[in-house]
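Hi,

Here is the structure I promised to pass on. Have a look at it first, and then read my notes below.

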Amino acid sequence: MIPSTPTPGLQVRQLTKTYIMPAGPVEVLRGIDLDVQPGEAIAIMGPSGSGKSTFLYILGTLEPPSSGTVLVDGEDPFQRPAQDLAQFRNRHIGFVFQEHYLLPQCTVWENVLVPSLINNISRPDAAVRARQLLEQVGLSHRLHHYPAELSGGERQRVAMARALINKPRLVLADEPTGNLDRQAANTVVSLLLDLVRNHGVILVLATHSLEIARRFARIYELFDGQLHLRDQ
Amino acid sequence: MTLGKLWRRNLRYHRRSHLAILLGTVIGCMALTGAWLVGDLLRARMNALQQQRLGFIQYALTNSRFFTSTLAQRLATELDRPSWTVVPVVQLRGTVILRDTDGRILRHQNKIQVLGVPPEFWKLFAAPVPDLTGAVAVNQALARQLQLDQNALLEIRLPRPSIIPQETLAGRSIDETGTAWQASINIESRQVRTLIPAQQGGAFTLAPQSEEPYTVYLPLDDLQRRLRDALAVEAPANVVLVGTTEPQSSVEVSQLSEALHRAVRLEDYGLKLRIHHSPFQYASLETNRLLLEDELTQVAQDVAQELQWSARPTLTYLVNLIWSDDWPVVLSSALGTLAHDPTPLQAMLCWRMCYTYVPYLTVSVLDPSEDAPWGPFYSWNGQRWTRHLSPGEILLTEPAADDLWPVGSWQARLRQEQELPDVFVRYFVESSGWLLEEKTARLRVAGVLSWRGSAVDPGLTPEFPGLRGTSPADWQPPFPRSQWHPRWIRGADDLHWRRYRAAPRAFISAETARRLGWFSRHGQYTSVRLTTAAATNLDTTTVQAFAKHLLSKLDPQRQGFRWRHLRAEAEAAIDQGPLRMFRWLFLGFSVFLVGSALLLIVLLVRLQLLRRASELGVLSALGYSRGLLNRLIGTEFGIVLVLGCLAGIPAAVIYAWGLLLWIDKRWPTSVTLLSELSATEMRQYLLSPTLIAGWAVSVLAGGIALIWALRDLRRFSPRELLLGRFQAEISAAKPGHSRLRTIAFLLFSSILGLLIWVSGLRAAPQHVPLWFFASGGIWLVTSLAVVAWVLRQSKPDLVRHPWWLALGFRFLTRQPRRNFFTVTLLALTTFMLSAIEVFYKSPQSQVFAKESGTGGFALLAESDIPLPIVPKDLADWQAILGEDSAERLHNLLDALQRGQVHIYGFAVRPGEDVSCLNLYQPQQPRLLGVPARLRDRGGFRFDKVMPALESGSVNPWLALNATAASSDAIPVFADAHTAQWVLHLALGQTFPYAGESNGRLKLRLTGLLADSIFQGSLLISEENFRRHFPQHSGYAFFLIESSPEAPLEEITRCLESALGEKYGFSVRPTLEVLGQYHRVENLYLQTFQLLGAFGLILGAGGLAAVLLRNVYERQTELALLQALGYTPRMLACLVVVENALVVLLGFAAGLLAALVSVAPYLYIVGNITEPLKRLSIILAIVIGIGSLSGSVAIRHVLRLRMLALLRRE
Ligand SMILES: Nc1ncnc2c1ncn2[C@@H]1O[C@H](COP(=O)(O)OP(=O)(O)OP(=O)(O)O)[C@@H](O)[C@H]1O
Ligand SMILES: [Mg+2]
């Protein structure tokens, strides 16, 4: 076979996910196809339990798919040996969750640095980058505060900076605004979109809020385990 | 920011949880290392005590008989090691008496070690030589006991030692007044000039003993002078100590044995070769024991054969009375008993009227038909005697015949070839009672020998110390005064004695002697007569050559000499002693504690992980691999673990130290384990490899626990982690998950438990701890499996049960895994506490209960010098105290009568204490002979008696006399504690016991007494005792029965003042003795329970941690309940119910396991209520602790605002 030049961006083909439960198999995803170019941001909506989180976790290699492929810049991470998945995740993927999941024992700045500790990005570079990112999310005055001393929106912004510290290709955000009020949610999403645009990464965001989804170029809806492009 | 910094951040952030883990680790490491260290320290301390006891002494040469002390010099010469010191010593037991100025006894102390030592003795301890001329030294222990100061005046009483086997006629040692069984040697007031500290020989004894000995030191030559007469040995000694100050120099036992063989002389064996010139030249081999052992006789004959000498073993016997015809007896019985105590009138009558008896004459066994050199013998009429003597015949000599019949009359009869009338001989036979058994035999007169030539031979009678003076009336035969009649002795006897000494006046054949019972078990002959073939040229040199040859043929060991390697013995006594058991048990219980600590660590680690689940989840999402997370978390906990173990080491040292100090303090007798520990010894222990090993093992065990606790990390799902839980946690909560497996497991473990339980029943006593812990372990696992099942399965119906129970149970079963951990922790603790609790012995308060440890006896007494009889009435008291003491006796008898006192005397073979008070393994336990009276009376409680005997008879004491048909073993009783923990013997087992003169006896354990005052000794029946230990005559151990209202103190005082001085008699209340045993036994248990208490702390810690976590996790749940109308008090109630359920389950599991595994070793089932009562107190405490932590937890929750909690969801 002639090696094809890797296509940049995210390609998902016939992705399925089935949980085997004692009560019987639960088919959550039944054949998802998706293409996203670098620099693009998409939103995924869908009723609760439709499988949005599951889809994001699979994209983020936190869970393996039952079948189908996921290509990030032409590479299928699930082809890697299991122990390399963590490395892949660390290098190429950034997560923002509904909960911020900041380490309470570390300062804001340190929290941003946590993903960089385990790869060979030079430390000073990472430190500088963390500072820049925090500046971009408007928290340069909070560098040495502990998460407990921040508001919910601020925490979420720290989590965003943390997601970008390793220059990932893919940022996955699972209802990042779920715990925030409208104002804060809008700020967070704006920041997120800015960051994505500036850093040229792919953003996949799951949300229940149409208002937030509207700010994205493409909106998908997930139901019956299928992804449907929503016409705007 | 680095990973290292992240660790530090983590450690700091979770410091409270880490601190808890650290504490668990410290306790675990402390328990493990400490247990080890306690054993080590005890051992080291006991070794140091042994070092102190022995000084530079390595070996001791002992002999139950005395030998000449010059043997020591000869040994040194033969050994030829200038750096070695060889010291002869006399070692005896005695009593010391301290009087006030008026001569009244102030204090006295029996069971004293009296040492006669030469100046070189002190060299063995590198101590200054005290000046003892005309004075004594005492060791500090005795000085303390008697509150002596220097210059105090001490009197010393020693039982007069005897070298002659006591049951032989000549062997009875009787005091000058003939009223005491064993005479004592009194050493009148001596000034105490020196106090000997323990390090300078003050602790010296031959065998290790826990208590400091009480010792009096006398100059060797001084003591020897006192003993010389009694022993017929010139400078007697009974021990030779061999030692060196040079640590590198060593000597083998074989070298010593060879040196001894070369150095030993006949006199060391108590033998001598006496040369006689008349009636011909011969030598006689005699012993100061009077009877030559048959083996010696044989060796002498063999040597004679080799050297072509002629040898004749000879027995000469003392006959009390010989008379012709029986009419004088008829006459005398009409007048009164001749035999017992004829009045002077009766004796005179017999003598004057009849002339028909000869008193106290010697009779020899020989063959009168022999040729030269042993013959020839001539008949009275000058004819050569050629005939062998037939059985039942006696051959008289002229002097004897003249005494029996009117001179001339017997010759006339013989000339007419008429037979002479039969004669009667009356003589003593060997017997063990106070009064000798006297027998009479009728013998046919074979003829009369002419009193010349070979017939006149004083050499036939061996030298005997009692035969001296100018008349036989001066003799001091070892007979009770009432059986010795010097008044019978006539002028003719005096004349004979003066001219011919104790030359025999009649002869019988060996067969006749056998029939008369003259041959003793200890030796048939009194001498072996030896001569060269020609019976000439027998001078000292030839005799010496014979002696040399004889010596080369004699084995010193067979003659009672024994080399003892005292150092090795001490080591063995320590290593095989109760210490070993204690170490085992302590380590075993500590393992349970360590297990608890590990469990707690696992629990705490898991709880912390659970709290940090989302942290781990996000790190994982951020690309931290599993391996990295494992390392991150592992290192974090590892640091805590290593630090905890490091802190555990000093804790272990303090703990071990404190424990020993505590034991020291509470030990009832004066044994000091630690107080005299020197700094260098200290340092040595503190740098011991034990600490490093303990640390390493703790880290290892902790590491394994950690890996186990972290194993859930291996199969986490980041998604679950992010949700704040572990997959394992969820799957474990699934009900019905492995019912079959549980049932199979329960089946398997109960069968295994049953097997172990049954084998534990028949296990050898020294393996009991192993079986006990195995059984305890398996039953714990089994009962915990049941608990686990209950936790998983039961879901009480919300409708049918009260809300608090149903909800409480729901709470309980919601987190089955962690609650199970707590239950296990508590079960372990309960197991430890209750397994020990049931063995506790509560003090006995009822002295007079017959079926109890005291047997209903209020007082117990011991005497240094055995009482010949157990006094019952005035005559008995007079017999043992002398008739002149009538005045004193009346008071005594009065007092005794008022108290209605009965005294039971036991024969005693001295030996080592086998009670729990002895920290060393006894080699030769003390043996008591139980009198038939006690057997008939019954009493005491029995744990077990041999089943065959139990069924038929109601009185278990009868088992002492039962002899199993199949074996020749002597039935013996022991205290159950002694059998189990000290002797390691099971019921029915036989074991060897050193009997008399190198003999080995077989004893069979046929009965176990429960918790009795006999813990220090073994018991056999008096009949068996007398048969097998005849040289220990009399009674030296007493139980005193009195009516409950008797004035015990007065009785004690009376008895001690009457018997204390003469017999070294001291009285103690039985309750005190029993209490001492209990204190020691309970002390052991308390040390084990200390471990249980630590376990309790761990359990409570675990309980609190789990409760806090549970409450924390359920904040919203509780908030909801509150929103639904539950009051805070109801919520608290729920928490308390849950906690109580955990405690009860843990307690039940632990108690069940403990009771089941303890059951086979539970001696006293009747006493179970007492321990149960204490156990329920412990239960209450545990529930209290649980409730306290529960209420803390609930208060914590109720502080949070409920609505805030609810809104957060
Ligand atoms: N580990 C699992 N095991 C079994 N079923 C699971 C598992 N994780 C998710 N599911 C199921 O998959 C389905 C999709 O869940 P998912 O969390 O992806 O939904 P969602 O769209 O994110 O919902 P929401 O908007 O409420 O967050 C649900 O029905 C859920 O029950
Ligand atoms: Mg979701």
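Predicted model: local features only at pLDDT ≥ 70, side-chain atom pairs only at ≥ 80, totals over all residues.

In which loop of chain B is the place of P279(B)? P279(B) sits in the loop between β9 (271–276) and β10 (282–287) of chain B.

The peptide bond from S278(B) to P279(B) is cis, and its omega is near 0°. Chain B has another cis bond to look at, joining A372(B) and P373(B), with omega about 0°. P373(B) is also a loop residue, found between β12 (357–365) and β13 (393–397) of chain B.

Over in chain A, check Q14(A): its phi is near 50°, which is a positive value in a residue other than glycine. Q14(A) is placed in strand β1 of chain A.

**The ligand site**

Now for ligand 1. Residues from chains A and B surround it, so the site is shared between chains. There are 14 residues around the ligand, and those that come nearest are S48(A), G49(A), S53(A), T54(A) and R719(B).

- S48(A), at 2.3 Å
- S53(A), at 2.7 Å
- K52(A), at 2.8 Å

On its own, ligand 1 has 640 Å² of accessible area, and the protein covers 68% of that. Two elements of chain A give two or more residues to the shell, namely β1 (10–21) and α1 (52–59). The largest share comes from α1(A), with three residues. Sorted by class, the shell holds seven polar, four nonpolar and three charged residues.

**A helix pair in chain B**

What about packing? In general, two packed helices are described by the angle between their axes and the distance between the axes. In chain B, the axes of helix α17 (residues 613–621) and helix α18 (residues 626–666) come within 10 Å and cross at roughly 140°. The crossing of α17(B) and α18(B) is right-handed. On the α17(B) side the contact is made by L616(B), L619(B) and S620(B), while α18(B) brings L629(B), L632(B) and I633(B). By class, that contact has five nonpolar residues, one polar residue and no charged ones.

That's what I have for now.

Cheers

Key. Residues numbered from 1 in each chain as written. Chains lettered and ligands numbered in written order. Heavy atoms only, no water. Axes fitted to C-alpha atoms, helices over the stretch in contact; angles between N-to-C directions. Helix = DSSP H or I, 4+ residues; strand = E, 2+ residues; numbered from the N terminus. Left-handed = near helix turned anticlockwise from the far one by under 90°. Contact = heavy atoms within 4.5 Å. Nonpolar A, V, L, I, M, F, W, Y, C, P; charged D, E, K, R; others polar. Near = heavy atom within 4 Å. Polar contact = N/O pair within 3.5 Å; in protein donor to acceptor, adjacent residues only side chain to side chain. Areas by Shrake-Rupley, 256 points an atom, 1.4 Å probe, with all protein chains shown as cover.
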